[in-house]
Amino acid sequence: MQEIVINGGNPLEGRVTISGAKNASLAIICAALMSDKPLVLENVPYINDVKVLLEIIGTIGAKIHWQDYKVLYIEPPKEINVQAPYELVKKLRASNLLLGPMLAKFGQASVALPGGCNIGSRPMDLHFKGLKCLGADIKLEKGRIVGTAGRMVGCQVYLDFPSVGATENIMMAACLAEGQTIIENVAKEPEVVDLANFLNAMGAKVRGAGTDVIKIEGVNSLDQCQRYSIIPDRIEAGTYMVAAAATRGDVLIENVIPKHIEPVIAKLREANVDVEESEDTVRVTARKELKPVDIKTMPYPGFPTDMQSQMMVLLCTIPGTSVIIENIFENRFQVVDELKRLGARIKVEGRMAVIEGVNSLYGASVKATDLRAGAALVIAGLASKGETRVGNALYVYRGYQDLEYKLKSLGADIKCL
Ligand code: EPZ
């Protein structure tokens, strides 16, 4: 069993460089299948989720080559093997982002219906609503989503919820549809904007990404992009910012876009953490007495749900009462039972968690239940006195590149086994 062993209780100090954004990379790698020419992606994080997706598109017929583990050469297939192995596709929910590109470029797609995961049921009704509106035929067969489409035709679709994945799948499919597509109530996450910028680099005509409405004029081919660089990972950056605060340290985080982590910066400042911004760095210093704060997760630009578990750990170390309300996923408090093993005092009622901060947490053996819960447990171990062992560490390696190296460079006593 993969395990991370931490001897905590010391402040993190020093500087750390953030890798490319996992969630932008996954969407952009799927979009790259629509290119008529090979292309190069820069700043792609060398993490398990990316490696699994690359394996999947390899079985579909793409040729992939890593150059020094940050630069990725992708040669899209001329013909596809539509059925990627079920066991492989099932491993990665984000493989559902293959639907739009494959239907648009090849007229057929088959991906595993992503099972629910530990944070919620993860439906795909909004993806299907948009793809069907464009003219695709979508069926569920033996745990797979099987889609077929002729030349898709632009349409107007309203998303009942600003779903990131649904926005991305529909936007990608619309790029090669005939005529105009208007998508309303879309997700505004930076990763959606990065995907739109990549699509336009390939020759697409996408306007309005980052606002409530995206308009796409369909084109006949996408062959303009030779090279594209992925944005930094705002959630990895936020994770290191919260680790600095939870250990009462002083950390300079480099290769960030401060605007993308504004909600995290604002919350840390509200808790009396010092955060200094520059063009591409943030410095987090927690030397003063911190204050409890309340958090409500919302779609971007609200507080990100992917930072909720990490912030919970910080609030566990701040005496006083803090409240977290999780508005995005129905089951994203699984980390609570594990944090209680470290001495945290948390009460969960539905989508609300009430935290009574304590002066010290103490090391124990805990288990990650999902990617961000795992990251939160690593932060908790760093903030706890004594040894903490985080089991199911594979969850953490899905989304954090060079975790041991980066934390060791900040003075952490950590071993990734
Ligand atoms: C993306 O997931 C991210 N994953 C998630 O990051 C992130 O937590 C989430 O967006 C929200 O920001 C990737 O980008 C690969 P959603 P996604 O569709 O697209 C409901 C991480 O840790 N919904 O925005 O699956 C859904 O139930 C991961 O990096 C529908 O109702 O999220 C949820 O309540 C975890 N119908 C809400 O929308 C649909 O068709 C948000 O889901 C789709 C979604």
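Three strands, written here in the order E6-E8-E7, form an open sheet with antiparallel pairing. From one strand to the next, the twist averages 15°. The model described here is predicted.

Within this sheet, E7 and strand E8, which covers residues 144-148, are joined in the antiparallel sense over 5 bridges. A reader tracing this pairing will find Ile138 opposite Gly147 in E8. Strands of a sheet pair through backbone hydrogen bonds, in either a parallel or an antiparallel manner.

A further sheet illustrates another arrangement. It is open and consists of 4 strands in the order E4-E5-E3-E13, and its pairing is mixed. Which strands stand at the edges of this sheet? They are strand E4 (63-67) and strand E13 (227-229), and because each has a single partner strand, one side of each is left without a neighbour in the sheet. Neighbouring strands here are turned against each other by 20° on average, with direction ignored. E4 and strand E5, the latter formed by residues 71-75, run antiparallel and are connected by 5 bridges. In this pair, Gln67 is placed opposite Val71 in E5.

Attention may now turn to the ligand. How many residues surround the ligand? There are 22, and the closest are Asp125, Leu126, Ser163, Asp306 and Ile328. By class, this shell comprises 10 nonpolar, 5 polar and 7 charged residues. The position of the ligand can be understood from the domains: domain 1 (4-19 + 232-416) and domain 2 (22-220) both contribute residues to the shell, and the ligand therefore lies between them.

Several individual contacts can be located at this site. The side chain of Asp125 places an N or O atom 2.7 Å from a nitrogen atom of the ligand. An oxygen atom of the ligand is 3.1 Å from an N or O atom in the side chain of Arg93. At Gly165 the backbone is involved instead, with one of its N or O atoms 2.8 Å from an oxygen atom of the ligand. On its own, the ligand has 820 Å² of accessible area, and the protein covers 87% of it. The elements giving two or more residues to the shell are helix H1 (22-32), helix H5 (125-133), helix H6 (164-175) and helix H12 (371-383). The largest share, 3 residues, is that of H5.

Is the peptide bond from Tyr300 to Pro301 cis or trans? It is cis, with omega near 10°. Pro301 belongs to the loop between strand E17, residues 295-296, and helix H10, residues 308-316. The other position is Arg248, whose phi is near 60°, a positive value in a residue other than glycine. Arg248 is found in the loop that runs between helix H8 (234-246) and strand E14 (250-254).

Notes:
Residues are numbered from 1 along each chain as its sequence is written. This is a predicted model: local features need pLDDT of at least 70, side-chain atom pairs count only at pLDDT 80 or more; totals for chains, interfaces and linings use all residues. Side-chain values use heavy atoms; hydrogens and water are left out. A residue is near a molecule or strand if one of its heavy atoms lies within 4 Å of it. A polar contact is a pair of N or O atoms within 3.5 Å; within protein, one must be able to donate a hydrogen and the other to accept it, and residues adjacent in sequence count only if both atoms are side-chain atoms. Accessible areas come from the Shrake-Rupley method with a 1.4 Å probe; for residues, only the protein chains shown count as cover. Ala, Val, Leu, Ile, Met, Phe, Trp, Tyr, Cys and Pro count as nonpolar, Asp, Glu, Lys and Arg as charged, and the others, Gly among them, as polar. Domain bounds come from an automatic or database domain assignment. Two strands pair if DSSP finds at least two bridges between them. Axes are lines fitted to C-alpha atoms, for helices over the stretch in contact, and angles run from 0 to 180 degrees between N-to-C directions.
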